[in-house]
Amino acid sequence: MGFETIWVVDFGGQYNQLIARRVRELSVYSEVVSYRAAAAKIRKEGVPNGVILTGGGDSVYDKGAPKLPSDVLGAFVKAGVPVLGICYGMQVLAAALGGRVEPARVSEYGRTRLDGTWAAGWKPVLFSGVRLPDDCWMSHTDAVSRLPRGAVRTASTSACRNASFEIATKKIYAVQFHPEVHHTPFGQKLLGNFVYKICRCRPSWTMAGFIQAQVDEIRERVGSAKVLCALSGGVDSTVAAALVQKAVGDNLYCFFVDHGLLRQGEAEQVMDTYARKMKLNVTKVNASGRFLRRLKGVSDPERKRKIIGEEFIRVFEEQAARLNRKAGGIDYLLQGTIYPDVVESGAGGHSKNIKSHHNVGGLPKDMKVKLIEPLRLLFKDEVRKLGEELGLDRSLVWRQPFPGPGLAIRILGDVTREKLRIVRESDAILREEIDAYNERVFDEGGGFNPSRSVWQYFTVLPNIRSVGVMGDGRTYEYAVGVRAVHSVDGMTSDWARLPHELLETIASRIVNEVAGVNRVLYDLTSKPPGTIEWE
């Protein structure tokens with residue numbers, strides 16, 4: 001897209017996407033690249049402005065362990081591209097350059113004291129502005145026991161003599177700790193030194209620049225053809241539609257598919273928003289019957305997602321065919337796919353498949369339309385910034401995330417109309433009570449505001465029933481789970497500490513008003529180890 005770029009070469013570590021986010025927070029574009037794909041990417045695009053090698057769960061001395069191909073590292077060094085290795089990435093560099101990596105005498109996990117080892121009167125550029133000793137975050141069982149020739153040790157801990165090194169003549173830098181996590185207080189400063197002072201990148205990654213680059217690219221690719229937009233009502237597809245509308249204008253045809261898996265009153269609200277606030281050319285397609293028929297008896301969450309993804313595409317192909325008969329030239333399908341969708345579906349880097357998102361892992365191979373996914377490289381918070389830059393109403397931009405498969409993945413087990421009713425009614429109560437609590441709190445002059453401080457809240461229906469007592473009689477009904485989380489980008493999250501009186505009101509209303517429910521649970525799990533959604 002023409003931006004100065006830092007590649008984050010992925011070796012399968014848990015913080016890989018976080019590294020890319022931290023670089024983007026410095027207003028420099030960054031993308032994750034699998035170590036396997038690096039050579040082909042160099043041949044296709046040339047070298048980037050800088051490279052960061054990520055952590056990973058392997059040992060570099062094991063047979064078949066991921067390594068950076070020698071021709072790739074050679075290309076970086078020959079072109080003068082700075083390389084920073086983090087944790088496993090440091091060990092990859094050490095081994096490739098003639099050093100030695102062995103099992104550590106003492107493994108280090110968590111907060112660890114780091115000391116600088118540079119001589120008086122000299123300070124490594126990577127540690128410019130950093131005062132050591134200070135805490136850092138370690139997570140390793142192997143260590144560099146012998147530095148490569150020409151390398152200078154720059155930091156140590158009590159258990160790890162070679163906690164960082166550099167070969168400045170080759171622009172090679174390495175740290176055993178993780179600067180990308182908040183537990184390393186000077187970490188962002190160190191990454192900034194690498195990006196700005198060593199790679200010489202400018203802070204040019206802005207939403208205004210991204211918009212212009214995408215508009216130019218979409219216009220060049222699409223030309224005068226027409227684009228079919230898959231609107232879901234969520235922030236991702238809404239922002240994608242606004243961006244592509246800026247590029248192709250009246251050649252954007254939007255369809256909102258009611259797949260029967262939406263929240264209470266959502267279809268009507270979404271249609272009003274698109275038509276009245278955004279002035280989009282949008283048609284509603286009622287396809288609830290066909291989706292529910294395809295999902296009948298299906299319990300496996302991966303199958304659900306793939307069925308929904310395929311059925312979405314079939315609906316849009318049908319709509320494209322109808323438009324072709326009327327207007328002609330419908331060749332493209334727009335989707336609001338974002339980076340976490342790609343990462344969790346195992347389609348990016350060296351990451352494992354967590355769950356197939358319907359718009360990534362669920363796409364059929366025989367699609368008859370070409371995809372446009374302008375948000376594919378953005379995290380959720382960047383999508384919101386993009387929406388604000390495009391001038392969208394804040395009620396649209398800051399709307400709660402809602403998964404494309406809808407309530408199908410908030411119902412564990414098979415999906416039925418009765419289960420959908422329970423989730424819809426309980427979710428509506430949850431949202432009503434949080435809104436009412438907010439109004440009451442602000443009328444009284446302050447307090448906790450869940451709808452602003454909590455990133456997402458919803459109800460789920462576990463596939464379990466429990467014994468209860470209602471009206472002096474025995475019941476055997478469903479339990480409903482309440483999920484509320486703090487997050488920034490959807491990659492990680494923590495459970496929200498909702499006020500006890502609010503939780504009590506929510507639970508009481510759900511049990512009393514939603515037929516078929518006799519128990520309410522509150523989910524206290526962070527991500528990781530869980531995910532935000534239950535399926």
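A residue is termed buried when its relative accessible area is under 20%, exposed when over 50%, and partly exposed in between (1.4 Å probe, protein chains only). The structure is a predicted model, in which local features need pLDDT of at least 70 and side-chain atom pairs count only at pLDDT 80 or more, while totals for chains, interfaces and linings use all residues. Residues are numbered from 1 along each chain as its sequence is written, and side-chain values use heavy atoms, with hydrogens and water left out. Helices (H or I, at least four residues) and strands (E, at least two) are DSSP runs, numbered from the N terminus.

Helix α12, residues 380–389, is mostly covered, with 7 of its 10 residues buried. These buried residues are Lys-380, Asp-381, Glu-382, Val-383, Arg-384, Leu-386 and Gly-387. They pack against α1 (16–25), α6 (207–222), α7 and α13, contact being defined by heavy atoms within 4.5 Å. Gly-391, which follows α12, has a positive phi near 85°.

Helix α8 comprises 12 residues, 266–277, and reaches 16 Å from its first C-alpha to its last, close to the 16 Å expected at 1.5 Å a residue; the expected span is 1.5 Å times one less than the number of residues. Buried positions in α8 are Glu-266, Ala-267, Val-270, Met-271, Thr-273 and Tyr-274. Viewed down the helix axis, the buried residues of α8 fall within an arc of 160°, so they line one face of the helix; the arc is that of the directions from the helix axis to the C-beta atoms. The cover over these residues includes β10 (226–231), α7 (235–248), β11 (252–258), β12 (282–286) and α13 (394–397). Just after α8, Lys-279 adopts a positive phi of about 55°.

Arg-153 is located in strand β7, residues 152–156. With a relative accessibility of 22%, Arg-153 counts as partly exposed. Neighbours within four places in sequence aside, Arg-153 is in contact with Thr-117, Leu-147, Arg-161, Asn-162, Ser-164 and Phe-165.

The whole structure contains 2 cavities of 30 Å³ or more, where grid points are joined across faces, edges and corners and volume is the space filled by probe spheres set on the points. The second largest cavity holds about 40 Å³ of space. Its lining includes Leu-231, Phe-256, His-259 and Phe-402.

Note on methods. 1 Å grid on protein atoms, 1.4 Å probe; cavity = no way out; pocket = protein on both sides within 12 Å on 5 of 7 lines; lining within 4 Å.
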